Amino acid sequence: MPTTVIDTARDVLLSEAAALTTLADSLPADFEAAAQLILDRNGKVVVGGVGKSGHIGRKIAATLSSTGSPAFFIHPTEAAHGDLGMIEEHDTALLISNSGETSELLVMIEFCQRFDIPIIGISSVPGSTLMLASQCQLLLPKVPEACPIRLAPMTSTTMTLALGDALAASLMQKRGFSPTDFGVFHPGGKLGVQLMRVGQVMHDGDRLPILTPDTPMKEAVLTISEKGFGTAGIMEGDKLTGIITDGDVRRNIDGLFDKTARDIMTKTPITTKTDVPVSQALSKIEEHAVSALFVVDADGKPIGIVHLHDLLRLGVQ
């Protein structure tokens, strides 16, 4: 038995880790069928559970919704008082009860059976009421709870949570859910920033500092200063063929105003595209030690510019 606080903490973590290993080694036989059932239905996943199972159920519903499988949580007690009306004919029920005998779930079970709503049950008791009513039985391994008195739900809720994550991840893989799709559902906060695309943050139109190869350097310096990006792009026809940076100006200061943009431009400009994640644009800026990137279309025409300071202000990492 653990004798110190640290011993107890380690015992809990090791017990739960061992339970997850057991779950991975004996994934429920109906797991793949459960994923396919959700994919084949055109509705939402309705998650239900009471107590700790309810808290886990809310998280599972949130994870499913944010990864391409629309879902919502219904508390079984509220279901009995009108929330059953939220369940529609094409939905799938995901009901959670470690014992499989949670009485509050009976209302949801009976409703689903009455209207042919398929049930995916998560429980650790194979012959329980919930499992017998489920088209897909996600059976948890029977392992001791990690709490010192082996009663408070700890190991069982950890396994349920992990199983929900595994189901969501499997559905993502089957749906071909991409980082772009993920960004659509996470537009706010730090995560939303990291998933933004260059096209969302670039400057375009009259803000672009564009010159021709024959532009006198006196005019080029004015353009670089006025536009405020520390660089200017050189266009020949419709293509970006070079750039001039503050560094180029300083390196060519002797006789600068006797030269043209062609004389000092860098002929291999570093560019990016509108659909590139801003985090990748920042990495390219840092890799090449530049302050800005021109954004070009498929034909090499400059259509925007993104500056290091824009990305840092957004909190891009």
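Let us begin with the surroundings of His307. In this predicted model, His307 touches Phe229, Ile285, Ser291 and Ala292, if we leave aside its neighbours within four places in sequence. The residue belongs to strand E11, which covers residues 302-307. Is His307 buried or exposed? Its relative accessible area is 9%, and since the cut-off for a buried residue is under 20%, His307 counts as buried. I would also draw your attention to a polar atom of the His307 side chain, which lies 3.0 Å from the backbone nitrogen of His309.

I turn now to helix H11, formed by residues 217-227. Which of its residues are buried? They are Met217, Ala220, Thr223 and Ile224. These residues lie on the same side of H11, because the arc they cover around the axis is only 115 degrees. On the other side of the helix, Lys218, Ser225 and Glu226 are exposed. Just after H11 comes Gly228, with a positive phi of about 80 degrees.

What covers the buried residues of H11? The cover includes strands E6, E7 and E8, together with helix H12 (246-251) and helix H13 (261-264).

Between E6 and strand E7, residues 231-236, the pairing is parallel and runs over two bridges. Ile210, for example, has Gly233 in E7 as its bridge partner.

Conventions
Residues are numbered from 1 along each chain as its sequence is written. This is a predicted model: local features need pLDDT of at least 70, side-chain atom pairs count only at pLDDT 80 or more; totals for chains, interfaces and linings use all residues. Side-chain values use heavy atoms; hydrogens and water are left out. Two strands pair if DSSP finds at least two bridges between them. Helices (H or I, at least four residues) and strands (E, at least two) are DSSP runs, numbered from the N terminus. Buried means under 20% relative accessible area, exposed over 50%, partly exposed in between (1.4 Å probe, protein chains only). The arc is that of the directions from the helix axis to the C-beta atoms. Contact means heavy atoms within 4.5 Å. A polar contact is a pair of N or O atoms within 3.5 Å; within protein, one must be able to donate a hydrogen and the other to accept it, and residues adjacent in sequence count only if both atoms are side-chain atoms.
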